[in-house]
Structures are given as C-alpha cells and as structure tokens.
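Let's take a walk through this one together, beginning at the ligand and then moving out to the backbone. Keep the viewer open as you read.

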Amino acid sequence: MPQNQNKVTYGIDRMAFYIPEFYVPMTDLAQARGVDPDKYLGGLGQENMAVLPPDQDIITMGASAAEALLTDDNASPIDRRSIDLVIVATESGLDASKAGAIPIHGLLNLAPNCRTIEIKQACYSSTASVRLAMAHVMQHPSSTVLIIATDNARYGLNAPGEATQGCGALAMTVTQNPSILAIDPEAGYLTKDVMDFWRPSYLDEAIVDGKYSARMYLTGLINTWGQYSGITNKTIDDIDRFVFHLPFSTMADKAYRRLCQHTDHPEDPAEYVAGKQLNQQIGNSYTASLYLSMLSLLLADDGSANNELTGHTLGFYAYGSGSVAEFFTGTVIDGHKKYLLPDYHHNQLTQRQALSFDQYEDYYRFQSKIMSRDQGGNISIPTVSQSAPFVLTRISDHIRQYARS
Ligand code: COA
C-alpha cells in the first residue's frame, strides 16, 4: 500500500525491549510440578519464562530498555532534550505515590524540563500511554514522548498461573511522522467492571480467574472490533496482520479464531503467528506484551514476499483485566527495519542463562522478601546480573538505590 508522503502521522518512532539474563525452561517447570510438558509447550504455547533476579526491578528493566533505544548506533540519535514526557506503564508499581518514571528519568540523564508520570490499568496502560503520547505530540510537534512498559508477572510458586509468569520491559518513543508505525486515530474501546484479575496493594502476587479472564478478553475483542469496524467500515480483509496482547501465546490462536468465526473470515495462521515468538521465550510481560508482539512480528519479517510488512495494516487488540479493551490499527512505515535493533534483540534472547529450579524458586522468594514491609525496607542486594546496564544495589530506609553497571 503506497504511503501518502505529505500526510502528517503520529505513532511509534523507536522500540526496544530488555529482559533479565535469567530464565527457566518450561520443561523444567513442568517436571518440577508433575505436569505434562505438552500442556505448557503446546497448550499454553510457552517455551521459556524470564525470571527477575534480585538485582533487577521494573525501574532497572525499564531504564535498560530505554537506554538501548537512546543509544542505537545504527539510527540517527534521539535528542534527549526533545523528550518532555516520560510515561511508565506498569501493574507492578513499587510505590503507591511516586511515579517509577522519576528514577528512570534520573538514570537516563534526561532533561529536567520534562513531565514524568506512571499510568495504571492492568495490561492496557501501555495503550493508554500511547494515546496520551499521541495527543501530546499533536499539540507539541517537536516533542518526543518516551513510554516504558515494564512489569514482573507473579502468580505464586505452584499456583495455577505460575506457567504464565514472566517479566520484561519495552521502551518506545512516540513522535510526529514516526519511523516504525503510524497509528490511526480511530479505535473501538470498552470498559467493563469485572474481577478477572487484580492485585490488592497489600499483595505482591496477582489474584486471577484465568478462564474467566480469557472469556472477558474475547468478549472485549468482539465488542471493540464491532465498534472499530462500524466507525471505519473496515473488514478483516483490510487488516494484513493481527497483533494481540498475550498473557500466554496460545491466546492469539483463541482470539484470532473467535474473530474469524464472528466475521465469517477464513482462518490463515500467517495473519498472526509471527507475533507470538517473543512471548513464547519470555512469558507474560503484562503492559509490554502487546508491543512485544508487534516487535516480534516486525523482527520476524525477513523481507521475503510473504513477510514484507512495509505499508501493511496491523490490527492491534489491547486488553487490561478489570477491564479495559481497545482495537486499533496502524501502518508499518517504509524504512522501519533500520530502527528495530535486530542484533541487540537477538542477543537479549540468546545470551541468557537457564536457572536451576532451586535458583528460580530462590529468586522468586527474594522478590517476595524485598516487597515485604518487614524485610524490604533495609536490605543489601547481591549483584547477579553480568551485563545489565542498571542494577538495584540496596534498599536503605525504604529507598531503592540504583547503579549504572
Ligand atoms: N497437552 C497439550 N495440551 C494440554 C495438555 C496436554 N497434556 N493439558 C492441557 N492442555 C491444554 C488445555 O486443553 C488448554 O487448552 P485450551 O485452553 O485450548 O483448552 C491449555 O492447555 C491450558 O490448560 P488448562 O487446563 O486450561 O490450564 P490451567 O487450568 O492450568 O489454566 C491458565 C491455564 C492460563 C488459565 C492459568 O495459567 C492462568 O490463570 N494464567 C493467568 C492468565 C492471565 O494472566 N490472565 C489475565 C491477563 S489477560
């Protein structure tokens, strides 16, 4: 589809993810829990699960993802002074008052004349951040908005949701005339007050009714698609690839199938599978998940005729439990591949270390300890990450201290 060079567009200019150096293979988790590995590998579609080590948290992961994007040597450098709004989207917030965007702003040495906020609505808050960022750059065309979606998905050791844990951060910038994706203003969106997944502030693990949540996810998809297609008169044939929020990767199969049934559209796996690959290796990253699916799709594009995405329309479905859902579209920009950091992202996945099962449980329990009122206020943090750009070094008088490593 040729792009209109004169049209002013708004959307995603740069993207980068960061994941910790540690993971647990799903086959090890299955063996330890006495579960058929095919349930995790085939039923949920997960291969490996990223694990948060003691010296990482949502701040260090978020700052690391943003640092990768800001220091990309292959693309023209981003003027850090143009960043006048930093939004952290998370549902693993470390403070009920102070925004996680503030320590990230400090670690990244951004300009002082900048707004910094944290936004919450489960996994939807990254999409809310994109909409807010677009409105900001429409008013201030030379601005760059930095969005950081960063989360640690925790359901509990031996809990039903354990196999759908994970963690990671995705940073993206939103600008006028972006380099990667121009996002359309039209969208279908829905709020429905349901208790499918939530985390009271005194808990460090989420409470989830996973099957109910999947039903609410699909209900939201059909509703928001209906609203979107009614506004735009578009059909499924107008969408080249689907990008889904993924609490686990086979959710994409369920979502796509439901949409096809609803619209009498023949199923074609080529329309969505390439967006699942990062989730399969990382697990659920909550707010980062939808945009990780997008990056997964774009990184899988090897330029062959079947995979070429330039000028193609992507259909996005964002879902945040509780719940808010949104369906929207965007167009992939010519030249986007230059901004995808393929070597950096490849290394993120391949230079990880598999934890022994005992280490996985120790790391999990350490996170519970530092999130507890009794033990988390004053504690030294062992440095275990070898190549993380930022680490958490200690907590003194309830103040987290960070270092560039
Ligand atoms: N081989 C292959 N597939 C198998 C299998 C086996 N031996 N055993 C089970 N499966 C399949 C099941 O058929 C099911 O597939 P389906 O959904 O297509 O029917 C899938 O594996 C999961 O099995 P299920 O019995 O439903 O698993 P569970 O009771 O352990 O629950 C979740 C799975 C996802 C509901 C649970 O992990 C959860 O609640 N996770 C949190 C989800 C979340 O975060 N939601 C909120 C954010 S949107």
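A polar contact here means a pair of N or O atoms within 3.5 Å. Keep that cut-off in mind, and also that this is a predicted model.

Start with D36. One of its polar side-chain atoms lies 2.9 Å from a nitrogen atom of the ligand, so the pair falls within the 3.5 Å limit for a polar contact. Now look for T164: an N or O atom in the side chain of T164 is 3.0 Å from a ligand nitrogen.

Now widen the view to the whole shell. There are 20 residues surrounding the ligand, and the closest are D36, K39, Y155, K211 and K254. Sorted by class, the shell holds 8 nonpolar, 7 polar and 5 charged residues. As for where the ligand is, it sits in the second largest pocket. Which elements give two or more residues to the shell? Those are α2, covering 37-43, and α6, covering 210-232.

Strands of a sheet pair through backbone hydrogen bonds, either parallel or antiparallel. In this open sheet, 3 strands line up in the order β15-β16-β17, with antiparallel pairing. The edges are β15 (379-380) and β17 (399-404), each pairing on one side only. Zoom in on β15 and you'll see 2 bridges joining it to β16 (residues 390-396), with the two strands running antiparallel. To get your bearings there, find S380, which stands opposite R394 in β16.

In the loop between β12 (313-320) and β13 (324-332) you'll find S323. The peptide bond joining G322 and S323 is cis, with omega at about 10 degrees. The other stop is N158, found in the loop between β6 (144-153) and β7 (166-176). What is the phi of N158? It is positive, about 65 degrees, although N158 is not a glycine.

Key:
Residues are numbered from 1 along each chain as its sequence is written. This is a predicted model: local features need pLDDT of at least 70, side-chain atom pairs count only at pLDDT 80 or more; totals for chains, interfaces and linings use all residues. Side-chain values use heavy atoms; hydrogens and water are left out. A residue is near a molecule or strand if one of its heavy atoms lies within 4 Å of it. A polar contact is a pair of N or O atoms within 3.5 Å; within protein, one must be able to donate a hydrogen and the other to accept it, and residues adjacent in sequence count only if both atoms are side-chain atoms. On a 1 Å grid over the protein atoms alone, a cavity is a set of points where a 1.4 Å probe fits but cannot get out, and a pocket is an open set with protein on both sides within 12 Å along at least five of seven lines; lining residues have an atom within 4 Å of a point. A molecule sits in a cavity or pocket if more than half of its atoms lie within 2 Å of its grid points. Helices (H or I, at least four residues) and strands (E, at least two) are DSSP runs, numbered from the N terminus. Ala, Val, Leu, Ile, Met, Phe, Trp, Tyr, Cys and Pro count as nonpolar, Asp, Glu, Lys and Arg as charged, and the others, Gly among them, as polar. Two strands pair if DSSP finds at least two bridges between them.
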